[in-house]
Amino acid sequence: MIPPNSLVFLIDDDASVRKGVARLLRSAGYESEIFASAFDFLGRAPHAGPCGAIVDVRMPGLNGIDLQKSLIQRRREEQLIFITGYGDISMCAEAMKAGAVDFLPKPFGDAELLQCVERALVRSAEQRRGRAARDEARRLLDLLTPREFEVMQHVITGMLNKQIAPELGTAEKTVKVHRGRVMQKLGVTSVAELVRLAERACITPRGRHETKV
Amino acid sequence: MSWITLLGSMDAALCFTLAGIYLLVALKQREGWEHLLFSCSAAAAGVIAELELTAVRAGTGGQYGEIIRWAHLPLWVLLVSVVWFVHIYLRAGPRWLVWTICGLRTLALGLNFLSKTNLNFREVTGLRHFSWWGRETVSAPVGVPNPSTLVGQLGLLLILIFLVNVTITVWRRGDRRRALLVSGSASFFITLILGASVSVGWGIIQSPFFVSFAYLGLIAAMGYELSDDLLRAAQLARQFRASQITLRENEQRMDLAANAAGLGMWAWDITRNEIWMTSQGRSLFGFAPSEKLDFERFRSRIHPEDRESVLDARTQSLESGGEYESEYRIALPDGEVRWIAGCGRAELNGKGEPVFMRGVSRDITRRKQGEEALRESEARFRIMADTAPVMIWMSGTDKLCIFFNQGWLKFTGRTLEEELGDGWTKGVHPDDFERCLATYVKSFDARQPFTMEYRLRRSDGEYHWVLDTGTPRFARGGEFLGYIGSCIDISERKLAELDAQRHRTELAHLSRVALMGEMSASLAHELNQPLTGIVSNAGAGQRLIDAGHVTLSELRELLADISADGRRAGDVVRGIREMVRKGETVRQQTNVNDVVRSVVQIVHPDALLRSCEVETSLEPNLPTIEGDPVQLRQVLINLVVNAFDAMHDTPVVDRKVEITTAWSGNGAIRASVRDYGVGISEETRAHLFDPFFTTKAEGLGMGLAIVRSIVESHGGAIAAENVEGGGARFYFTLSPNNPTTG
């Protein structure tokens with residue numbers, strides 16, 4: 001199942017490979033864009049949708065591995081599939097550790113490649129979803145005032161209002177008021193939801209957690 | 001005194017004087033009777049003159065008659081001697097007539113003395129005196145004539161006839177002067193006598209006998225004639241003396257010349273068996289200067305072995321009167337042996353018998369020794385030529401061969417006749433023939449020595465490689481005589497060479513294989529690209545068909561791409577196969593720039609692999625050279641891969657290999673491969689191209705050694721240097737035409 005709005009990038013300096021793989025992608029129903037060099041690819045604006053990139057490892061100029069590093073640096077989302085005519089095993093390990101989807105030695109089977117592409121796009125979509133959720137949660141959290149944010153941070157640890165008050169140096173009532181506002185702003189009805197939202201936003205809980213049982 | 005007496009005495013004196021002179025001449029000369037005869041006749045005339053004088057003064061008839069009687073004796077002498085004188089002196093007149101005359105006169109003389117008185121008168125009766133010319137008184141006989149006088153007169157007549165005959169003969173002969181003078185005057189004289197005898201005797205004329213006066217005429221003539229002869233004789237004697245001197249001079253000159261030339265002249269008087277020799281001749285034959293020489297002595301000198309032939313030659317010449325020539329040895333008494341060349345000619349006499357032989361002999365010992373030495377040297381040459389284990393040949397100035405030794409003939413198994421001229425070329429291998437001939441002709445025209453190698457067919461039909469060396473020959477004066485040369489069978493060496501070459505080729509091949517092995521990763525990559533294309537296209541095609549919506553044109557395009565990729569893969573495989581194939585080198589006109597370009601393509605994946613950049617800087621109008629493109633590619637790939645290896649530790653940014661080609665204008669092409677790697681250390685540089693020398697951990701060390709051998713086989717040279725700015729440069733030259741040494 002192809003995620004909607006998917007795009008597959010193909011970056012290889014060899015014409016035969018470009019032609020063949022492009023046709024293969026097209027035949028499988030994927031939208032694709034072909035680039036002859038890594039530089040050309042970096043020049044393209046990031047795609048707003050799940051995307052994968054099939055990258056040749058050995059290219060003149062910027063090679064595949066360097067491209068990977070570069071993308072990571074730019075926090076790009078493309079899921080990389082490395083292909084190589086050389087069969088470099090060492091590179092393979094490095095690439096995988098840096099987060100590549102797969103490493104295929106040429107000549108690879110058509111089914112093999114398409115499976116990788118599917119996985120890449122699925123992963124890309126997932127990543128995008130995850131990111132989207134986090135961004136949403138973060139946005140909501142940005143609505144909180146700093147005091148409210150502090151209170152939230154203590155609430156998600158499971159602390160009672162009366163416990164939070166002395167922590168923050170305010171009255172319990174104040175805490176409760178803040179708590180109410182937080183819940184309301186964030187649109188959550190329970191502490192559990194709040195905790196999940198905070199997790200989504202990747203907020204670290206604060207406070208001494210002495211969970212009293 | 002009376003003039004008659006005077007005249008008479010003068011007459012007698014003259015006669016006696018002449019007689020005396022001619023007697024002396026006759027005695028001195030000793031040859032020819034004419035002088036003696038004339039002397040007799042003159043003496044007789046003198047006696048008659050005396051008697052006539054006496055008679056003229058005779059007192060009685062009887063006295064007169066007696067005088068006449070005795071006068072007949074000198075008269076006989078006179079007449080006979082005159083006749084004989086004329087006959088011998090003028091060499092004319094029939095002898096029988098002479099004898100007849102003599103006979104008649106002898107008869108007359110006999111009759112004269114037999115008769116009582118004398119021949120003319122039977123009886124003298126008296127004297128008559130009369131005076132002559134006034135003053136003198138002379139007596140004349142008167143008497144009865146004797147009929148026997150006729151005999152005498154007949155004799156006189158015959159003499160006259162004889163004399164006329166002689167006159168005519170001599171006149172006819174052309175000796176007119178002598179004819180007139182001698183026999184003419186003699187005839188006149190005899191006529192007078194006859195007339196006087198007849199007339200006076202028969203009383204017709206009154207006169208005494210004056211025979212002597214008539215004789216004066218003859219004497220005068222004779223005197224003149226004989227004085228002339230004397231003069232001529234003296235002249236001849238002078239001439240003879242002069243010619244003797246000249247002759248002696250000539251003889252001396254000839255002697256000198258003969259001696260100078262080492263010639264000994266000799267003359268053999270066959271009849272007397274005496275040999276005369278010049279001093280040179282004597283010393284030549286070892287004879288003493290004054291030894292008497294004859295044929296036996298000469299014969300004894302001849303060497304026993306040659307005696308027969310020499311004598312035969314001489315005998316032949318003697319018989320035919322022709323010339324003879326012979327060469328023979330003589331043995332001198334001291335044991336020395338000399339060679340003599342003698343030539344001579346026999347002179348035959350009128351009967352065809354040999355009387356004289358003259359000739360010249362020459363010492364030819366040195367020449368004979370020279371000939372002997374030459375014969376020996378030739379024999380030595382021939383023995384050496386025929387027993388030497390090499391093949392020897394000689395050619396003349398026309399390039400055609402004139403001699404082959406046994407070794408050659410045995411090798412080729414042909415006869416000398418078949419090989420002479422240019423028959424030997426038939427044995428040369430057809431592939432080598434052109435080159436062979438060209439070398440031979442070129443060297444021949446330049447009169448230079450040469451060596452060439454070619455295949456020659458042996459007697460068993462197999463072709464063997466031979467090394468032929470030829471040298472020009474010159475005569476002592478510098479004149480060109482032709483060539484002499486020798487061949488040796490170098491088939492073993494040639495086979496070894498071919499073996500070595502084969503090994504070199506194999507080694508080069510293995511090196512190429514190793515090179516390809518080194519580049520296997522990149523070569524595999526080169527194959528993987530099109531294969532990926534093919535697999536992807538094929539997969540796409542299947543999916544498109546499965547999906548159901550595919551246009552035929554799309555499929556066509558797809559299949560075309562597959563096909564192209566397949567070809568591309570095939571090219572790569574072919575390229576590899578070419579590099580790793582075995583086999584002989586294939587020489588063709590090669591463009592070095594094309595080789596560089598193909599090399600760049602081949603090394604491209606490897607360059608990528610090692611992150612090296614390859615740059616070329618090629619001479620635009622590079623001429624083609626005769627070479628093997630596969631081997632040249634091998635050279636460049638080797639150098640480029642080495643360059644990659646050298647830059648292993650160089651930062652990626654600086655990794656560059658520069659390949660350049662240039663043409664130095666003199667026909668040689670220069671190429672270089674420059675890297676920016678670690679460079680070459682001094683100690684490595686010395687051994688760079690040595691076989692089995694390597695700085696790589698896993699290297700065999702043959703790469704550069706083979707590179708060098710390939711470059712050298714293309715007529716070039718290779719070297720390496722460190723470059724300013726880092727790295728090393730390997731540069732080599734290739735010559736456009738290189739010798740086929742493989």
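**First stop: rings in chain B**

Select Tyr483(B): its relative accessibility is 0%, so it counts as buried (buried means under 20% relative accessible area, exposed over 50%, partly exposed in between, with a 1.4 Å probe and protein chains only). Before you go on, note that this is a predicted model, where local features need pLDDT of at least 70, side-chain atom pairs count only at pLDDT 80 or more, and totals for chains, interfaces and linings use all residues. Residues are numbered from 1 along each chain as its sequence is written, chains are lettered from A and ligands numbered from 1 in the order in which they are written, and side-chain values use heavy atoms, leaving out hydrogens and water.

The rule: rings of Phe, Tyr and Trp (its six-membered ring) pair if their centres lie within 6.5 Å; planes under 30 degrees apart count as stacked, over 60 as edge-to-face and the rest as tilted. Phe444(B) belongs to helix H14 (residues 430–446) and Tyr483(B) to strand E12 (residues 480–489), 39 residues apart along chain B. Helices (H or I, at least four residues) and strands (E, at least two) are DSSP runs, numbered from the N terminus.

Which residues share one aromatic cluster with this pair? Select Trp393(B), Phe404(B), Trp408(B), Trp424(B), Tyr440(B), Phe450(B), Phe474(B) and Phe480(B) along with Phe444(B) and Tyr483(B).

**Second stop: a charge over a ring**

Jump to Trp465(B): the charged end of Lys494(B) sits over its ring, 4.4 Å from the centre. That label needs NZ of Lys or CZ of Arg within 6 Å of the ring centre and within 35 degrees of the ring normal. Next, select Phe356(B) to find Arg358(B) over its face, at 4.4 Å from the ring centre.

**Last stop: where the chains meet**

Show both chains. Here 28 residues of chain B are in contact with 27 residues of chain A (contact means heavy atoms within 4.5 Å). How many salt bridges are there between chain B and chain A? The count is 6, where a salt bridge is a side-chain nitrogen of Lys or Arg within 4 Å of a carboxyl oxygen of Asp or Glu. For one of them, select Asp110(A) and Arg543(B), whose side chains meet at 3.2 Å, N to O.

Finish by colouring helices H16 (520–547), H17 (552–580) and H18 (592–609) of chain B; each supplies at least two residues of the side that touches chain A. H16(B) gives the most, with 18 residues.
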